[in-house]
Amino acid sequence: MSMAMAALSVCDRLRQDILAGAFPFGGRLKIDDLAARYTTSHMPIREALRQLQGEGLVNVEPNRGARVRAVDVEFVRDMFDLRIALEAMLARRAAERIRPDQFDALARIQADLEACAARADYAGVLAANQAFHAVINAAAGNVEAIRVLDRHWNIIVALWGRHGYGEERVAGVISDHRQIVFALKERDAEGAAILATAHAAKAKQEMLRRIGAAGVAGQ
């Protein structure tokens, strides 16, 4: 296995462990301890910590090492509030710029998403959902906004994996996507922005509800 693949594997495992509460918020992440935990060398651990710092899960301070950032309701709310604003802007711009080949890509991805939903493949639904929004974002063409959204995607996937992403959520996603595509085809920039806002806001509320329910259940 290459060093890049090893770093990715360690990063995914460390991210999952942080979100699962395996490390206390504010707790120090020692390279030696992590290397032993994940049976790897120091380099993949350092690469993982750098990536997770970029995602906002880890704080790395000079001469003080890395510490776990609190992934609490406030963190999740702030993350989704940022996504809501950016996705509305990108949908508005995409409605003005999207090309026929990008409409074809959306149709293929949406068909794949719905096929995954039909067989209860929710990991596949999440992957198709990311690809669907990636096409819209690419059509909008704002590289900086896309970079911010991509920064948090792995956290969102891990959170859905931890708190559940089931049939009741998928039905709403399918409906929202169909409406967004219709607005894009109509070149309805404001309609696309409104639908994208509602779509992201529903994801935020559902995630906060599930995190709250998990907190109550754990008491």
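Start by selecting Arg-28, whose bridge partner in E3 is Arg-67. You're looking at a predicted model, where local features need pLDDT of at least 70, side-chain atom pairs count only at pLDDT 80 or more, and totals for chains, interfaces and linings use all residues. Residues are numbered from 1 along each chain as its sequence is written, and side-chain values use heavy atoms, leaving out hydrogens and water.

Now show E3 (residues 65–68) with E1: two bridges join them, and they run antiparallel. Strands are DSSP runs of E, at least two residues, and helices are runs of H or I, at least four, numbered from the N terminus; two strands pair if DSSP finds at least two bridges between them.

Next, the cavities. A cavity is a set of points on a 1 Å grid over the protein atoms alone where a 1.4 Å probe fits but cannot get out; lining residues have an atom within 4 Å of a point. Volume is the space filled by probe spheres set on the points, which are joined across faces, edges and corners.

There are two cavities of 30 Å³ or more. For the largest, about 160 Å³, select Glu-87, Asn-129, Trp-153, Arg-169 and Ala-203, which lie nearest its centre among 13 lining residues. H4 (73–97), H6 (122–140), H7 (143–163) and H9 (189–217) each supply at least two lining residues.

Last stop: the second largest cavity, about 50 Å³. Select Glu-87, Ala-91, His-133, Ile-136, Asn-137, Ile-180 and Ala-196 for its lining. H6 gives the most here, with three residues.

Terms used:
1 Å grid on protein atoms, 1.4 Å probe; cavity = no way out; pocket = protein on both sides within 12 Å on 5 of 7 lines; lining within 4 Å.
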